[in-house]
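Take a look at the strand pairing and the domain layout of this model. The sequence and structure come next.

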Amino acid sequence: MAQVSLRDVSKIYPPDVKAVDNVRFGVENKEFMVLLGPSGCGKSTTLRMIAGLEDITKGDIFIADKRVNNIPAKDRNIAMVFQNYALYPHMTVFENMAFGLKLRKYPKSEIISRVHEAADILGLKKYLDRKPKKLSGGERQRVAVGRAIVRKPTVFLFDEPLSNLDAKLRVQMRTELNKLHLRLQTTMIYVTHDQTEAMTMGNRIAVMKGGTLQQLADPLTIYDKPTNKFVAGFLGTPPMNFLNGKILKKESRLYFDEGKFQVKVNEKMYKKLDGYVGKDIVFGVRPEDIYDKLFTSQPAAENIIRVNCEVVEPMGSEVYLHLNTGLHQFIARVGSHNRPPINQEMDLVIDMSKVHFFDKETESAIV
Ligand SMILES: Nc1ncnc2c1ncn2[C@@H]1O[C@H](COP(=O)(O)OP(=O)(O)O)[C@@H](O)[C@H]1O
Ligand SMILES: [Mg+2]
């Protein structure tokens, strides 16, 4: 049995806000699970129900084989780290980290040894006598993590712990939390709206939208095989391009017809697309699967499209091309030396083995 199991869990805030809707998943022992989704999709509510800070309206939560629905937060052996750190300003770093253990009446020697061990892991030893206001944002965040570590919980819960840090520090703390997970070998559930954090930290990612679970898989599966248009568009920078069009059949071959261009569908996808011939469909292609024809050895025949290049954005290691077919705007991500002239037509090649198709009505992935 999984370390943490949610069985058809719902949360309705009075009178009728369905914050979490029939969510079902299991987190394995020692796993780093990420809950990813836009603001308001129910991530914090899910985490708070696991922690015992929020009642469960429907369904069951199990932690280490025990149904915890009616077990108070303090008895769940879970530690939670919040976005705003929630440190006590009048206490030193040591006292902040020791506070939870003191409340639970741990012996003094045990408290000292645990706090020093955590401070050592987190590089906080020289700050133990300081008050939080004399620490940087990153150091405060580490104290908040330290306060969780000293408890030696069965499960760590993190609710957007890095979102108050600047971009550079966020990247650094991301790596530190990854290392911490490897070192502690404890189950972690991590909430974020940041798809890069999710991709780089999670063993698996649970993508949520509107209180429901959209897809649960390892990061590469989520990226390469999104189950629907929402998941496809939520991961990746720049995000996947979506172009509306139709599937055409000519001499037993299938084509995607955007209106201004046609590209031949990869034969591997024929079976699943056959039922869509003549129908509206959504074509999805990631910016990195589009190439400037002059700069690629991608096999081109029947995958070439002619578009207008409107903006060229050099990013240093790569270039974003903002393109227009006349009907749709989209973005290609190409090599750093690739600077086509703007407001001129150019030929692009699409890697048709990598594209996606979505049902226009249901937005589910077809292939
Ligand atoms: N205490 C509350 N009372 C009523 N509605 C709430 C409460 N807390 C959250 N909600 C609503 O529940 C939904 C999910 O919120 P939340 O779990 O905080 O989302 P997230 O953490 O993904 O941003 C939102 O629509 C939010 O407005
Ligand atoms: Mg939240």
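## Model and domains

The model is predicted. The domain assignment of the chain gives two entries: domain 1 spans 4-234, and domain 2 spans 243-359. Their centres, taken over C-alpha atoms, are separated by 40 Å.

## The open sheet

Strands of a sheet pair through backbone hydrogen bonds, either parallel or antiparallel. Which order do the 4 strands of the open sheet take? They run β2-β1-β4-β5, and the pairing is antiparallel. The edges are β2, residues 17-27, and β5, residues 66-67. Each edge strand pairs on one side only.

Strand β1 covers residues 4-13. Its antiparallel pairing with β2 extends over 7 bridges. Within this part of the sheet, Ile12 stands opposite Lys18 of β2.

Strand β9 takes up residues 204-209 and runs parallel to β3, residues 32-36. How many bridges join β3 to β9? There are 4. One bridge partner in β9 is Ile205, which pairs with Val34.

β9 also pairs with β10, residues 212-217. Here the sense is antiparallel, over 5 bridges. Met208 stands opposite Leu213 in β10.

## The hairpin turn

β9 and β10 form a hairpin, with 2 residues between the strands. Which residue in the turn has a positive phi? Gly210 does, at about 50 degrees.

Conventions: Residues are numbered from 1 along each chain as its sequence is written. Chains are lettered from A and ligands numbered from 1 in the order in which they are written. This is a predicted model: local features need pLDDT of at least 70, side-chain atom pairs count only at pLDDT 80 or more; totals for chains, interfaces and linings use all residues. Two strands pair if DSSP finds at least two bridges between them. Domain bounds come from an automatic or database domain assignment.
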